[in-house]
Amino acid sequence: MNNLNKICVFCGSSDGNDSKITEAAIHLGKVFAKKDITLVYGAAKIGVMGTIAKTSLDNNGKVIGIIPQFLKKKEVVHLGLTQLITTQNMHERKLQMQEISDGFIALPGGFGTLEELFEIITWLQLGLHTKPIGLLNVNGFYDNLLKLLETMVRKGFLPMENYNMLLVATSVENLLQKMEDFKTPRVPKWLKPERT
Ligand code: AMP
């Protein structure tokens with residue numbers, strides 16, 4: 001079983017227009033606080049990001065924000081976090097998020113969220129880390145993305161075992177359970193016996 005003391009959440013810097021997504025963000029923030037899971041995230045006070053951080057803090061949870069210097073503007077950055085880490089650039093930020101977190105969850109978002117999700121899963125399939133990655137598919141938001149991943153498997157670009165590395169659930173509770181139970185795949189994508 002994986003100990004999930006710190007989970008990094010990738011999600012929209014916008015609120016979007018589906019109230020179910022805001023509800024899911026609020027629920028996630030409450031569950032983290034209740035389970036004493038520290039939220040690690042991009043340190044913004046806006047959008048879904050801000051909703052999760054605020055809910056977690058309002059419920060006495062711990063929140064670590066990691067933000068690159070150039071994004072550290074007072075209209076964006078949350079200054080009431082348990083800890084705020086400033087990095088030189090986006091790459092250093094991503095590396096720190098990976099190093100200090102025990103797992104990762106993506107909620108609905110835009111380009112930034114997808115970029116973060118796919119970089120962290122790419123690092124997993126390359127064997128650069130062994131931590132669970134969950135996708136919270138709120139109200140069908142990620143249905144079409146999951147269809148695309150199935151196409152990648154069918155067309156031979158994504159091995160089934162790598163597709164299965166991405167844990168998917170529609171509820172926070174199921175997702176956390178899958179992440180706790182996650183067993184690191186034995187062989188990373190590029191180190192298969194037939195390729196070496
Ligand atoms: P997006 O999904 O395009 O809204 O981007 C959200 C993701 O990118 C978050 O998980 C953040 O880590 C990062 N990000 C995007 N915009 C900001 C911002 N203004 N402040 C901090 N992080 C941001």
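Colleague: In β4, what is the bridge partner of I67?

Modeller: This is a predicted model. Strand β3 covers residues 63-68. Five bridges join β3 to β4, and the two run parallel. In β4, I67 has as its bridge partner T86.

Colleague: What is the strand order in the open sheet?

Modeller: The sheet is open and has seven strands. Their pairing is parallel. From one side to the other, the order reads β4-β3-β2-β1-β5-β6-β7.

Colleague: Which strands stand at the edges?

Modeller: An edge strand here has a single partner strand, so one side of it is left without a neighbour in the sheet.

Colleague: By how many degrees are neighbouring strands turned against each other on average?

Modeller: Direction is ignored for this angle. The average for neighbouring strands of this sheet is 25°.

Colleague: At what angle does helix α4 run to β6?

Modeller: Helix α4 spans residues 111-125. It lies across β1, β5, β6 and β7. To β6, which is 133-136, its angle is about 150°.

Colleague: Which residues come nearest to the ligand?

Modeller: There are 17 residues around the ligand. A polar side-chain atom of S13 is 2.7 Å from a ligand oxygen atom. A polar backbone atom of G110 is also placed 2.7 Å from an oxygen atom of the ligand. The nearest residues are S13, G110, G112, T113 and E116.

Colleague: In what order do the elements run from the N terminus on?

Modeller: The protein chain has seven helices and seven strands. From the N terminus on, they run β-α-β-α-β-β-α-β-α-β-α-α-β-α.

Colleague: What is the radius of gyration of the protein chain?

Modeller: The C-alpha atoms fill a box of roughly 50 × 35 × 30 Å along the principal axes. The chain has 196 residues, and a compact globule of that length would have a radius near 16 Å. The chain agrees with this, at 16 Å.

Technical notes
Residues are numbered from 1 along each chain as its sequence is written. This is a predicted model: local features need pLDDT of at least 70, side-chain atom pairs count only at pLDDT 80 or more; totals for chains, interfaces and linings use all residues. Side-chain values use heavy atoms; hydrogens and water are left out. Two strands pair if DSSP finds at least two bridges between them. Helices (H or I, at least four residues) and strands (E, at least two) are DSSP runs, numbered from the N terminus. Axes are lines fitted to C-alpha atoms, for helices over the stretch in contact, and angles run from 0 to 180 degrees between N-to-C directions. Contact means heavy atoms within 4.5 Å. A residue is near a molecule or strand if one of its heavy atoms lies within 4 Å of it. A polar contact is a pair of N or O atoms within 3.5 Å; within protein, one must be able to donate a hydrogen and the other to accept it, and residues adjacent in sequence count only if both atoms are side-chain atoms. The radius of gyration is taken over C-alpha atoms; the globule rule is 2.2 Å times the number of residues to the power 0.38.
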